[in-house]
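Dear colleague,

Please find below the structure that I am handing over to you. My notes on it follow.

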Amino acid sequence: MEENLEIAEVYRAARVLRDVARHPRLIGPTRLNPEAEVYLKPENLQHTGAFKLRGAYYKISQLTPEEREKGVIACSAGNHAQGVALAATQNGIRSLICLPAGAPISKIEATKRLGAEVCLVPGVYDDAYEKAIELQKEHGYTFIHPFDDLKVIAGQGTIALEILEEMPDVEAVIVPIGGGGLIAGIAFALKQLKPDVKVYGVQAEGAPSMYESVKEGERKHLSQVSTIADGIAVKEPGGNTYEFCRKYVDEIVTVSEDEIAAAILALIEQQKLVAEGAGAVSVAAAMFNKVPVCGKKTVCVVSGGNIDVTILNRVITRGLVKSGRNCTLKLDVGDKPGQLSEICTILGANGANIISVTHERNSDATSINGCILRIEIETRNNDHIASIKKALASAGHHLVKK
C-alpha cells in the first residue's frame with residue numbers, strides 16, 4: 001500500500017503547511033535520560049495542541065470543489081477532531097465530528113469552538129468511527145480519516161523534514177502510536193532521506209494494537225482498550241499504517257500507566273511542558289530505557305498537550321509515586337503511647353516530609369492489641385524511600401506490604 005506515497009508528496013504537504021502549522025523547534029538536550037542525548041519535538045505547542053492539524057489540513061486542502069461543497073466528516077478521540085475543525089473552518093467547509101462520549105470535555109468544547117458540529121457516540125474511538133462511516137454514506141460527506149489516509153500520513157511526515165533540517169545527525173526518533181498515522185509519516189520520510197536513523201514506536205500497555213499486530217504478522221483487533229493516554233486508545237491499526245510500520249519502523253514497545261504518568265510529571269517539572277498521556281509515551285520509553293537509545297542523539301516526538309485538567313492532578317500523583325517523590329507507608333504497631341512520636345522522629349531525621357497520618361485501631365493489624373498506621377510522606381527518590389524503610393525496620397517497626 002505504501003508504494004502509493006512518494007517523498008515528493010511530503011515536501012508538497014510541507015509547502016502547504018508552511019504558513020498554516022507551527023514549526024516548533026527542538027528542545028534539548030534534556031536530562032530526561034542521563035545515558036542518552038534526548039531532545040524533544042514539542043508538537044504539544046502546535047495550533048490545537050497536537051500534531052493532527054498537519055495531516056488534517058493537508059488532506060482538506062487537496063479536496064475537489066465538489067467534495068468541499070458536500071462538507072467533511074471525521075471521528076476522533078479529540079485531537080484529530082480539532083485539526084479537522086480548524087482546517088475545514090479556515091477553508092470555508094462544513095465539518096461534522098463524531099467523538100467518543102467519554103472524550104475529555106476540554107477536547108469536545110475546543111472542537112465546537114473551532115466551528116465544527118459534534119456528534120457524541122457511546123464507546124471508544126472505534127465506535128465513533130462506525131457512526132461516522134454510517135453518516136458519511138447517508139449524507140455524502142468526505143471522510144477525513146485520522147490516520148489511515150496517504151495524504152494525512154504525508155502531512156504528519158512533515159515533522160520528519162523539520163527534525164532532519166534542524167538536526168541532520170539525529171540517530172533515533174521515538175514516536176507515539178495510536179492508529180499509526182504519525183509514525184507512518186515520520187518513519188517513511190526518515191527512511192527515504194536518512195535510512196540509518198532508528199525509528200521506535202511506543203504504545204500504552206493498555207492499548208497495544210500496533211504492537212500486537214506487528215508481533216503477530218497481521219492486523220489485530222483488540223476487544224477493549226484502557227489507558228490514560230486516551231489519544232492513542234485505538235483497538236485496531238489501519239491497513240496502510242500497519243504496512244508502513246512493518247516496513248519502516250525498527251521496533252515497537254509499550255509503556256505502563258505509571259511510566260506515562262512519570263513522563264508527564266518530568267515534562268512539567270523539567271521542561272515546563274504540559275503533555276497529554278499520548279504525547280508523553282515517547283518520553284516514557286526514553287526515560288525507562290524501553291528502547292536502545294543509550295549514547296544516541298535521540299528525538300522524542302511529544303505529539304500532543306490536550307490533557308484534561310480534571311485528571312491532571314491524579315496523573316501527577318501517580319507520577320510522584322512512580323518517581324519516588326511520594327510514598328505511603330503502612331506499619332503494624334503496638335497500641336501504646338509514644339509509638340507515633342517515635343516513628344515521626346525517625347521520618348524527620350531521615351528527611352521525609354509528612355503529608356498525612358491515619359491511625360486505625362479497628363483494622364487488619366496482626367495483633368489484637370495492635371493498630372495500623374498509614375503515613376503519606378514526600379521523599380526525594382526511590383533510594384530515599386528505601387533508606388527510610390531501613391531506618392524504621394532497624395528501630396524495630398514492622399512495615400506491612402500493601
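The notes below cover the salt bridges, the cavity and a surface patch.

This is a predicted model, in which local features need pLDDT of at least 70 and side-chain atom pairs count only at pLDDT 80 or more, while totals for chains, interfaces and linings use all residues. Residues are numbered from 1 along each chain as its sequence is written, and side-chain values use heavy atoms, with hydrogens and water left out.

Salt bridges

Side chains of opposite charge can pair when their charged atoms come close. The structure contains 21 salt bridges (a side-chain nitrogen of Lys or Arg within 4 Å of a carboxyl oxygen of Asp or Glu). One of them joins Glu-162 to Lys-41, with the closest N and O atoms 2.7 Å apart. Glu-162 belongs to helix 7 (residues 150–166) and Lys-41 to strand 1 (residues 37–42), so this pair ties together parts that are 121 residues apart in sequence. Helices (H or I, at least four residues) and strands (E, at least two) are DSSP runs, numbered from the N terminus. Glu-162 and Lys-41 are both buried (under 20% relative accessible area, with exposed meaning over 50% and partly exposed in between; 1.4 Å probe, protein chains only).

Asp-149 forms a salt bridge with Lys-59, the closest N and O atoms being 3.1 Å apart. Here Asp-149 sits in the loop between strand 5 (142–143) and helix 7, and Lys-59 in helix 2 (residues 52–61), 90 residues apart. Asp-149 counts as buried because its relative accessibility is 15%, and Lys-59 is likewise buried at 15%.

A further salt bridge links Glu-212 and Lys-215 (3.6 Å, N to O). These two residues are 3 apart in helix 9 (residues 209–216), so about one helical turn separates them. Glu-212 is partly exposed, at 23% relative accessibility.

Cavity

There is 1 cavity of 30 Å³ or more. A cavity is a set of points on a 1 Å grid over the protein atoms alone where a 1.4 Å probe fits but cannot get out, and lining residues have an atom within 4 Å of a point. The volume of the largest cavity, about 280 Å³, is the space filled by probe spheres set on the points, which are joined across faces, edges and corners. Its lining has 26 residues, with Phe-51, Lys-52, Gly-178, Gly-231 and Ile-232 nearest the centre. Helix 4 (79–90) and helix 8 (181–193) each supply at least two lining residues.

Surface patch

Leu-340, Ile-354 and Val-357 make a nonpolar surface patch of about 200 Å². Patch residues have over 30% relative accessible area and no salt bridge; like charges are joined within 9 Å, and nonpolar side chains (Val, Leu, Ile, Met, Phe, Trp, Tyr) within 5 Å. Areas come from the Shrake-Rupley method with a 1.4 Å probe, and for residues only the protein chains shown count as cover.

Yours sincerely

Notes
On a 1 Å grid over the protein atoms alone, a cavity is a set of points where a 1.4 Å probe fits but cannot get out, and a pocket is an open set with protein on both sides within 12 Å along at least five of seven lines; lining residues have an atom within 4 Å of a point.
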